[in-house]
Amino acid sequence: MPTLALTTAYDLPPAAKTREDHRILNAFYGPVPPGQRRTPMRELISTVLSHRTTHRDEELAYERMLEAFGDWQGVVDAPTAELAHAIRTTRWPDTQAPRIQEILRRIKAEFGGYSLDALADWPVERGLTWLTDMPGIGLKTASLVLLFNFQKPVLPVDTHVHRVAQRVGLIGPKVSVEKAHQVLLSQLPAEATDLLNFHKHNYWLGQHICFFTKPNCPACPLKGLCNYYLEHYGPASAAELAAVAPEWTGEKLH
Ligand code: SF4
């Protein structure tokens, strides 16, 4: 069991709740191991492929694409219908194929080759604006690349992070995913390490405890903070606060 000393704090204002969520989940999951998982190009293109697609099918599409066409130039030069066939395990291959080709063309036009490494030297706003100007790339994808690969102080908000944030009460019920990027960012320390941990921890909680349907509230370390819990179960007792899920570590989750 995690060694967490939990109390109830349902009435905290949203910014304080966000910091408390961050503190509790840091203790529950432990710090995310440093180091990037994938190259910036892989992170960007894989995230485009992952839209409404399982991790396994996204990986399959990525591998088949590079197997079929060899490298990024091969992907750009490929007949679009053949690219769509190669990435057919994604949700919308006919939409994604021309998008990927256009994204690759823009990267080459900007940087002279298929590398995003120069983004490391760009100011955050310039990087976000340039990335989100490309087809199929929203704030979440742009933020993922800039945070994961370049340690920029931005916060990606996906559906898991958004759902947890709304249920706990870190953001209001009408705050959109897009808007939540800025709201949550303004409530957290402006350090890439904090933002990476906050993103990953709340993402894991959304994946493994705070399910879209039937969230597993009795196992949740945020039950003493969460508006949804209060509404459905009443204030957590000391015994309920102590009864959270067995400890998970970042290494066990992707
Ligand atoms: S207490 Fe329930 S609703 Fe609240 S964050 Fe945890 S699992 Fe989600």
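Two points on conventions. Residues are numbered from 1 along each chain, as its sequence is written. Because the model is predicted, local features need pLDDT of at least 70 and side-chain atom pairs count only at pLDDT 80 or more, while totals for chains, interfaces and linings use all residues.

I'll start with the domains. The domain assignment gives domain 1 as 14-34 + 155-252 and domain 2 as 40-150; such bounds come from an automatic or database assignment. Taken over C-alpha atoms, the centres of the two domains are 29 Å apart. Nine residues from domain 1 and five residues from domain 2 make the contact, where contact means C-beta atoms, placed from the backbone, within 7 Å. On the domain 1 side, α10 (177-187) and α11 (192-208) are the elements that give two or more residues. Helices here are DSSP runs of H or I, at least four residues long, and strands are E runs of at least two, numbered from the N terminus. The largest share of that side, three residues, is from α11. By class, that side has six nonpolar, one polar and two charged residues. Nonpolar covers Ala, Val, Leu, Ile, Met, Phe, Trp, Tyr, Cys and Pro; charged covers Asp, Glu, Lys and Arg; the others, Gly among them, are polar.

From the record, the unreviewed UniProt entry has the annotation "domain: HhH-GPD" on residues 49-208. UniProt positions are given in the numbering used here, feature names are shortened, and annotations may be inferred rather than shown by experiment. That span is 67% helix and 0% strand, and its end C-alpha atoms lie 22 Å apart.

Now the core. The largest nonpolar core has 59 residues, and Leu83, Ile100, Ala165 and Leu184 have the most contacts inside it. A nonpolar core is a set of buried Ala, Val, Leu, Ile, Met, Phe, Trp, Tyr and Cys residues joined through C-beta atoms within 7 Å. Buried means 20 or more other C-beta atoms within 10 Å of the residue's own, exposed means 12 or fewer, and partly exposed is in between, with C-beta atoms placed from the backbone. Helix α8 (residues 139-150) supplies the largest share of this core, eight residues. Domain 1 and domain 2 both give residues to this core, so it lies between them. Leaving aside neighbours within four places in sequence, Ile100 is in contact with Ile45, Val48, Val75 and Leu83.

Next, the ligand. It is surrounded by 14 residues, and the closest are Cys210, Cys217, Cys220, Cys226 and Tyr228; the cut-off is a C-beta atom, placed from the backbone, within 6 Å. Both α9 (159-168) and α12 (227-233) supply at least two residues of this shell, and α9 gives the most, with three. The shell divides into 11 nonpolar, one polar and two charged residues.

Is Trp204 buried or exposed? Trp204, in helix α11, is buried, with 23 other C-beta atoms within 10 Å.

The other two concern phi. Most residues other than glycine have a negative phi. Arg52 has a positive phi of about 55°; it lies in the loop between α2 (40-49) and α3 (55-69) and counts as exposed, with 8 C-beta neighbours inside 10 Å. Gln151 also has a positive phi, near 50°. Gln151 is placed in the loop between α8 and α9 and is partly exposed, with 16 other C-beta atoms within 10 Å.

Note on methods. Contact = placed C-beta atoms within 7 Å.
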